[in-house]
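Try each task before you read its solution.

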Amino acid sequence: MIHKVETSLGERTLSLETGRVAKQAHGAVWIQYGETVVLVTACRSEGGEDRGFFPLTVDYREKAYAAGRIPGNIFKREGRMSEKETLSARLTDHQIRPMFPKGLHREVQVYISILSSDGENEADVLGMLGASAALCISDIPFSGPMGAVRVGRIEGELVINPTNTQLEESDLDIIVSGTRDSLASVEGGAHEISEADLLEALKFGHIHIQELVELQEGLVEKIGKEKLVVEEPQGDPELPIAVEEMAATRISEANRTPVKEERHDLVESIKNEVQEALAERFPEAEKKIGDAFEKLVKADMRRMILDEKQRIDGRGLTEVRPITCESNVLPRSHGSSIFTRGQTQALCVSTLGTKLDERMVDDLRGKNFKSFYLDYNFPAFSVGEVRFERGPGRRDIGHGHLAEKALEPVIPSIDSFPYTLRLVSDILESNSSSSMATVCGCSMALMDAGVPIKTAVCGAGVGLVKEGEQWELLTDILGAEDFLGDMDFKVAGTKDGITAIQMDIKIQGISFEIMQEALDRARDGRLHILEIMNQCISSPRPELSAHAPRIEFLKIDPAKIGAVIGPGGKMIREIEKTGATVNVDDDGTITLASVEGGPAEEARRMIEAITAEAEIGKQYKGTVKRIMPFGAFVEILPGKEGLVHISELAHRRVGKVEDVVEEGQALDVAVLDIDNGGKIRLSHKATFEK
């Protein structure tokens, strides 16, 4: 039986339907919003074992046919997930992961398929909504429903689920998800928006989230299945007591060791001793002993923060780790910096290129090109581990996207600064908040290259530890505080406002009170970091890097593009022998680039000569190309010839043309006339006195 519920959202109808397709999935929802259609399915395995983590997989796949396109790759079919698909999958994962019960060990897969795209209504928030709905109507244990919306702001007015056309005018683009009572995730960018305005936007979004929760509740009432019962296996009740008696005091001492490496070694040493000592008493329970030990470590660290207001590295709750900044660290790069905060360190490099260096993006909107992009790399050595490198993973793509969003509002427009900009962040050390270190380091690398960004950008992370009604926020969290805490809240921006935000939590939502305090903490941390960055480099260098290309523009008549390119590209290859890179656009705009000014200037002269028009009365030094009985044809500009009649060769009567000129001879001529057909009449005798 088909069941359908619908509501009006942003002046468009949103519908959720189940029972028509994908009926063998444990939960399936067909969502339509405008002419965008998304199918979301949720499935679980029949059984599972405790792997130490919840085996959740979220896939987000755009079908090329959704936009009436054929994939542009060589295979002409969908391949691995694109960057857009990866980012959308992460959004959904971050939203739903905290909502599953702790003891659920079955594999769960949420599969989001974009079946129709109208080009205006983005499918990412629909996928997030559909994931909640599919899980809620399935038998998979899930603490939903959850809603997800996009919030924009146009001329000061907040807009729910703005279209892509509206987003072009919006100074805000954030995705908010949550339950009826609290927020679950926030991600997006803005043009230096204030904390108060952002909080207002979140509250605005939450009102509509509540409407979407009610919509799903209506669907669950019609078709919802009884949920599986999750029972945590009961072990020997004496085991955790024995672990606590042996380790509690020593764990407390170890957690108060401020140096990460020393603390880690102490904790591991205690753990090994406890497991060895209890192995005989609790045979075949090595993993359970380890789990009990980890729970003690976590509980002690959280008590330190909540009760003693003390952190494991000795800092106060609002204190930022020591920061050092360096710029111009790589002699041949265009711009470089090293940003170090505590044990998190990012080497950031900016490279300036031409239009040929733009990155192509091929998605449901078609092919388009980015002139600014940022790549983030997290090698295993940054945390002292060994791992086979297989290219950027979801985390690398997500962190790079967040940092790119943070910097984008200060990047000069392509019209005023005609360069392609690539930023690379290589993480050399990591102990949390490497994405925010990337924002700081890349901001300095841009200034070091002489890119005229209007102001510096930096980021700060805020953590949360919450037990019941008691909670504390942690400015600039450590890796251990992220792992054992309840929230990783990243906020990037300038001295004037927020440019990017991302919130991931491990609990089932936070209140607006916590959100407001977290925004204030992040602002204080951001301003503190900006002050230190400005001591290193406070403004863009007055000149571009000596190794960066110099770019010039030239505008020609589009009808003459063929002459510049030449047959088979012969002419443009000749021009590029000057050492300049030449790019010709269909509108007649020619971009010339070279590291030094000379090659570009020489290429400009050649192109101007090729595209120049003959002018009546102007003199030229031409070359005799052909001799005829009635005169000589002389090339005065590349590809442009005119006739010097035999009567115009000299101030006397000339019997034969060969008596005055020969083929290949350089000859001064003047333009006498150009007829309507473009034929040029020249004179040699007009260039000298009788």
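**Exercise 1: a helix pair**

Keep in mind that this is a predicted model. Find which residues of H4 and H11 touch, and work out how the two helices are oriented.

*Solution.* Start with the contacts: from H4, pick out Glu195, Leu198, Leu199, Leu202, Lys203 and His206, which meet Phe512, Met515, Gln516, Leu519, Arg523 and Arg526 in H11. Sort that contact by class and you get six nonpolar, two polar and four charged residues.

Next, the geometry. H4 spans residues 195–223 and H11 spans residues 512–536; they pack at an angle of about 150°, and their axes are 10 Å apart. Angles over 145 degrees count as roughly antiparallel, so that's the label for H4 and H11.

**Exercise 2: a strand and its partners**

Which strands pair with E27, and in what sense?

*Solution.* Take E26 (residues 631–637) to begin with: E26 and E27 pair in the antiparallel sense, over six bridges. Here Leu637 sits opposite Lys640 of E27. The hairpin of E26 and E27 has two residues between the strands, and Gly639 takes a positive phi near 80°.

Now go to E29 (residues 680–683), which runs parallel to E27 and is joined to it by two bridges. Look for Leu643 opposite Arg681 in E29.

For the faces, recall that side chains in a regular strand alternate between the two sides of the sheet.

Definitions and conventions: Residues numbered from 1 in each chain as written. Predicted model: local features only at pLDDT ≥ 70, side-chain atom pairs only at ≥ 80, totals over all residues. Heavy atoms only, no water. Axes fitted to C-alpha atoms, helices over the stretch in contact; angles between N-to-C directions. Helix = DSSP H or I, 4+ residues; strand = E, 2+ residues; numbered from the N terminus. Parallel < 35°, antiparallel > 145°, perpendicular 65-115°, else oblique. Contact = heavy atoms within 4.5 Å. Nonpolar A, V, L, I, M, F, W, Y, C, P; charged D, E, K, R; others polar. Pairing = 2+ DSSP bridges.
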